[in-house]
Amino acid sequence: MPFARLSTATTPTSHLGLGLAAVGRPGYINLGREADLGENRTVETLRARTHELLDAAYAQGVRYFDAARSYGRSEEFLADWLTTRPGLDDIVVGSKWGYTYTADWTTDAEKHEVKDHSVQTYERQRAETANLLGDRLDLYQIHSVTPESPALADKELHAKLAELAATGVTIGFSTSGPAQADAIRAALAVTVDGEPLFRTVQSTYNALETSAGPALAEAHDAGLTVIVKEGMANGRLAGPYAPDALKAVAEETSLGADAVALALILREPWAGVALSGAATVGQLASNLHAAVVDLDDDQLARLAALAEDPRTYWAKRGQLPWH
């Protein structure tokens with residue numbers, strides 16, 4: 001598995017990754033994005049910003065980079081960066097299929113992405129990803145699996161994914177919604193010729209949304225690498241938006257609320273990689289301080305009290321506007 005490379009890495013930030021959802025397209029649902037990106041969001045401006053973030057992340061020890069077909073031009077930006085740095089052979093590249101980007105580089109589209117987990121969409125998007133990332137792709141994930149997703153029962157799709165796995169690409173899935181735990185457990189049961197299909201799971205887990213924790217522990221015990229996304233709750237745990245309890249703990253550690261929020265994830269024994277969704281180099285540097293945050297029992301107890309009912313959390317997330 002490609003993630004075995006991270007287990008031998010010596011940098012303290014090797015278990016932090018960089019996700020490109022916030023910089024691969026002009027519109028996203030992260031809070032504070034207007035200040036982060038400003039008004040100039042041309043393709044070339046965001047390409048340059050993405051490359052700057054990738055350079056900074058690599059220089060600071062980050063070795064996993066995460067894109068998706070629906071993250072605008074994230075795969076293209078990542079592919080361009082990789083092409084100009086052919087000697088980087090110690091990184092892991094992941095992408096996702098299952099959502100099609102439909103906003104046409106605008107921030108006010110009626111629909112920014114359309115979900116479809118059919119075999120036809122897989123084959124189309126797999127070809128698109130291959131055209132950009134070629135043999136640099138290490139991990140291909142089904143994007144946003146829910147318990148009702150047809151991808152969990154589609155034997156033809158499973159066979160296609162197993163064929164890709166046979167070429168050396170690791171197969172994974174991501175989850176979303178209040179029933180993430182159910183989706184994870186259902187995916188763990190998917191096999192092809194008696195062998196588990198999925199080797200990684202990427203789920204939302206943060207101080208406000210902890211419901212997937214027990215299922216992620218089960219996935220880890222089953223041998224899957226766990227990737228945590230949305231550790232900052234789309235900005236709700238960052239800077240001025242952070243709850244008072246998180247701000248207080250951050251002040252006690254002399255680090256940012258973002259670093260504390262990500263440190264809370266890294267301390268979980270099942271967490272393989274926690275993603276930074278930074279949109280600026282400054283945010284990235286602050287996020288990476290998570291690797292050195294040490295939280296005591298009292299601080300952990302205060303942070304544990306922040307957890308929301310998952311239905312409440314996902315309802316709030318669904319109301320976040322695209323900026």
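**A close look at His-117**

Author: Let's start with a side-chain pair: His-117 and Ser-149 make a polar contact through their side chains, at 2.7 Å. Keep in mind that this is a predicted model. A polar atom of the His-117 side chain also lies 2.7 Å from the backbone oxygen of His-143.

Where does this histidine sit? His-117 is in the loop that runs between strand 5 (113–115) and helix 5 (119–133). Its relative accessibility is 4%, and buried means under 20%, so His-117 counts as buried. Setting aside neighbours within four places in sequence, His-117 has contacts with Trp-97, Gly-98, Ile-142, His-143, Ser-144, Val-145, Ser-149, Pro-150, Ala-151 and Leu-157.

Eight strands close into a barrel, in the order 1-2-3-6-7-10-11-12, and they pair in parallel. On average, neighbouring strands here are turned by 25° against each other, ignoring direction. Helix 5 packs on this sheet, where it touches strand 3 (92–97) and strand 6 (139–145), and its direction makes about 150° with that of strand 3. Gly-17 has Tyr-64 of strand 2 as its bridge partner.

Then there's the greasy part: the largest nonpolar core has 87 residues, and Phe-65 and Leu-78 are among those with the most contacts inside it. Helix 10 (residues 257–266) gives the most to this core, with eight residues.

How values were computed:
Residues numbered from 1 in each chain as written. Predicted model: local features only at pLDDT ≥ 70, side-chain atom pairs only at ≥ 80, totals over all residues. Heavy atoms only, no water. Helix = DSSP H or I, 4+ residues; strand = E, 2+ residues; numbered from the N terminus. Buried < 20%, exposed > 50% of the residue type's maximum accessible area, 1.4 Å probe, protein only. Polar contact = N/O pair within 3.5 Å; in protein donor to acceptor, adjacent residues only side chain to side chain. Contact = heavy atoms within 4.5 Å. Core = buried A, V, L, I, M, F, W, Y, C linked by side-chain atoms within 4.5 Å. Pairing = 2+ DSSP bridges. Axes fitted to C-alpha atoms, helices over the stretch in contact; angles between N-to-C directions.
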